[in-house]
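Colleague: I am new to this structure and would enjoy a guided tour. Please start with the charged pairs, then move on to the strands and the overall fold.

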Amino acid sequence: MENEYSLSVVICAVDETFSLERTFRKLDGYGGADEYLFVLSKTCTPECLATVERLCDRPDCRWVYQSAAGFGNAIRDAFGMVRGTHMVVWSADEATDVSSFPEMLRLSKENPEKIVKISRWLHPDGFDGYGRLNKFLNYVSQRAFGLLFRSDLTEFTNPTQIAPVAVYRRIRWQHTGFDFLPEPVFKPLKLGVGFIEVPTKNVPREEGRSHNTFFSHIWYYRTILQIFFTKPEDLVEEAKP
């Protein structure tokens, strides 16, 4: 099945420039991606757009504007646009250590039916610069999610993961903003898809401001509880005749 494997790397951007380019260069330097797709907010800055247009001056790279506002909508658009058998959505702000990518790709090729995701809890420096209180609250949340969903995953709320596109395309998605972010992890998990975790570390943002606010994190819990109380058969799209 590895011979049929192809990977699409998706990068969503709003106002990133040098961090976006460094992320792209690092990922591309490792090799293994068959396609790069940039999904841009309609309010992206001219500098961000110029950076993407310059990077996409090659046949394996393209960019689009997202169809509607909201970070969730950007990712949902990508689900239908990518050409690979597998895909990963990578942060444009360098918040996720790109050095995790080669191991993720290796494990995904060896286990193409599974989702390979990152976990900061498996890395000794996973929460550098995160703050003790935030680290403690994250730990409590992850343990609670593990008990609730009867899973041994160590990090549920960061959806940086290589997944089979077919899995995403059969799921019924609900949210459109940052409250969408738990869905790509918790919905496949509830549907019985297998997961593999790879250690990674937190990288403090150097450019731009985070658009994922404190209140966005509060809405995560609503999304997660909605999934928990939803029957698995109601999480998938109806088969088309």
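Colleague: Which residue does E94 meet, side chain to side chain, in a salt bridge?

Modeller: This is a predicted model, in which local features need pLDDT of at least 70 and side-chain atom pairs count only at pLDDT 80 or more, while totals for chains, interfaces and linings use all residues. Residues are numbered from 1 along each chain as its sequence is written, and side-chain values use heavy atoms, with hydrogens and water left out. Side chains of opposite charge can pair when their charged atoms come close. A salt bridge (a side-chain nitrogen of Lys or Arg within 4 Å of a carboxyl oxygen of Asp or Glu) joins the side chain of E94, at 3.3 Å from N to O, to that of K26.

Colleague: How many residues apart in sequence are the parts that E94 and K26 tie together?

Modeller: Helices (H or I, at least four residues) and strands (E, at least two) are DSSP runs, numbered from the N terminus. E94 lies in the loop between β4 (86-91) and α4 (101-110), and K26 lies in helix α1 (residues 18-30). The pair therefore ties together parts whose separation in sequence is 68 residues.

Colleague: Is E94 buried or exposed?

Modeller: Buried means under 20% relative accessible area, exposed means over 50%, and partly exposed is in between (1.4 Å probe, protein chains only). K26 has 43% relative accessibility and counts as partly exposed. E94 has a relative accessible area of 10%, so E94 is buried.

Colleague: Which residue forms a salt bridge with R120?

Modeller: The side chains of R120 and E155 meet at 2.4 Å, N to O. R120 lies in the loop between β5 and α5 and E155 in the loop between α5 and β6, so this pair ties together parts that are 35 residues apart in sequence. R120 counts as buried at 10% relative accessibility, and E155 counts as buried at 0%.

Colleague: What separates K187 and E183 along their helix?

Modeller: Their side chains meet in a salt bridge of 2.6 Å, N to O. K187 is buried, at 3% relative accessibility, and E183 is buried too, at 0%. Because they are four residues apart in helix α7 (residues 183-190), the separation is about one helical turn.

Colleague: How many salt bridges does a search of the whole structure find?

Modeller: Some of these contacts link up, as in the network of E21, R25 and R54. Over the whole structure, the number of salt bridges found is 13.

Colleague: Which side chain makes a polar contact with the side chain of Q161?

Modeller: Q161 is found in strand β6 (residues 161-164) and is buried, with a relative accessible area of 1%. A polar contact is a pair of N or O atoms within 3.5 Å; within protein, one must be able to donate a hydrogen and the other to accept it, and residues adjacent in sequence count only if both atoms are side-chain atoms. At 2.9 Å, the side chain of Q161 makes such a contact with that of Y168.

Colleague: Which residue of β6 is the bridge partner of V88?

Modeller: Two strands pair if DSSP finds at least two bridges between them. β4 and β6 run antiparallel and are joined by three bridges, while β5 and β6, also antiparallel, are joined by two. Both faces of β6 are covered, with Q161 and A163 buried on one side and I162 and P164 buried on the other. V116 has I162 as its partner in β6, and the partner of V88 is also I162.

Colleague: Which side chain makes a polar contact with that of W121?

Modeller: W121 is found in the loop between β5 (115-119) and α5 (132-149) and is partly exposed, with a relative accessible area of 23%. Leaving aside neighbours within four places in sequence, W121 is in contact (heavy atoms within 4.5 Å) with residues including F127, K135 and Y139. The polar contact, at 2.7 Å, is with the side chain of N138.

Colleague: What is the radius of gyration of the protein?

Modeller: The secondary structure comes to eight helices and seven strands, and 51% of the 241 residues count as buried. The radius is taken over C-alpha atoms, and the globule rule is 2.2 Å times the number of residues to the power 0.38. With 241 residues, a compact globule would have a value near 18 Å, which agrees with the protein's 17 Å.
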